[in-house]
Amino acid sequence: GEQQTYVFFKDGMETFVIRPGFTGDVDNFGMLIPFPTPPAIRKVPDNIFPQIAAAVDPPEVVIDLNPPVAMNMKMRLQARGNEIVEKLAFSEDSLRVIRREAVGMYEVAVLEAGSAAALKKWMDQNGFRYPTGMDAVCEDYVADRWCFVAVKTKVGQKGGVDPAPGQRKVNANLP
């Protein structure tokens, strides 16, 4: 299916709105998205996508040709020293689950990995889909200390959630 992604930037806050596009067996769905910092995640109503499309049509592309202001040497050395300390504290075999939650019909995990291999191992053990052939790309994000948002579907039987006529309560323990 066709995926839709919108990115907004306002008051120093970057917001992504993603509607995954997928055809096939829902159990085979998965996404892995790198982010520079752990994002806040929430579900938005489905009808928001036509509203956003109407609001941003036609899209505008803005390119800033001015390079960012360079840090002075002391700030660079301090930043580099902090980066080295952080990397020493986080080994290649380690993976930290920052947050794991349900968002709509998806199970979402925000992860920090010491290597692509550690990320793949955790995703395989927890039923998430690691993208084939993406080790080198993931290693680049790991080297830059980005986190990853892993997404999979979490769909149960609707009968266990909605009461039938005459039923006064539901059993939340059903799948």
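At roughly what angle do the axes of helix 3 and helix 4 cross? Select residues 116-125 for helix 3 and residues 135-143 for helix 4. The two axes come within 8 Å and cross at roughly 110°. Axes here are lines fitted to C-alpha atoms over the stretch in contact, with angles from 0 to 180 degrees between N-to-C directions. The helices are therefore roughly perpendicular to each other (angles of 65 to 115 degrees).

This is a predicted model: local features need pLDDT of at least 70, side-chain atom pairs need 80 or more, and totals for chains, interfaces and linings use all residues. Residues are numbered from 1 along each chain, and side-chain values use heavy atoms, without hydrogens or water.

Next, show the contact itself (heavy atoms within 4.5 Å). Ala116, Ala117 and Leu119 in helix 3 meet Asp135, Cys138, Glu139 and Val142 in helix 4. Five of these residues are nonpolar, none polar and two charged. Ala, Val, Leu and Cys are among the nonpolar types, Asp and Glu among the charged.

Is Arg145 buried or exposed? Arg145 is buried, at 18% relative accessible area (buried is under 20%, with a 1.4 Å probe and protein chains only). Its side chain makes a polar contact with the side chain of Glu112, at 3.1 Å (N or O atoms within 3.5 Å, one able to donate a hydrogen and the other to accept it).

Now select strand 4 (95-103) and strand 5 (106-113). They pair in the antiparallel sense over eight bridges (pairing takes at least two DSSP bridges). Arg99 has Val110 as its bridge partner. Finish at Gly104, in the hairpin, where phi is positive, near 60°.

Note on methods:
Helices (H or I, at least four residues) and strands (E, at least two) are DSSP runs, numbered from the N terminus. Buried means under 20% relative accessible area, exposed over 50%, partly exposed in between (1.4 Å probe, protein chains only). Angles under 35 degrees count as roughly parallel, over 145 as roughly antiparallel, 65 to 115 as roughly perpendicular and the rest as oblique.
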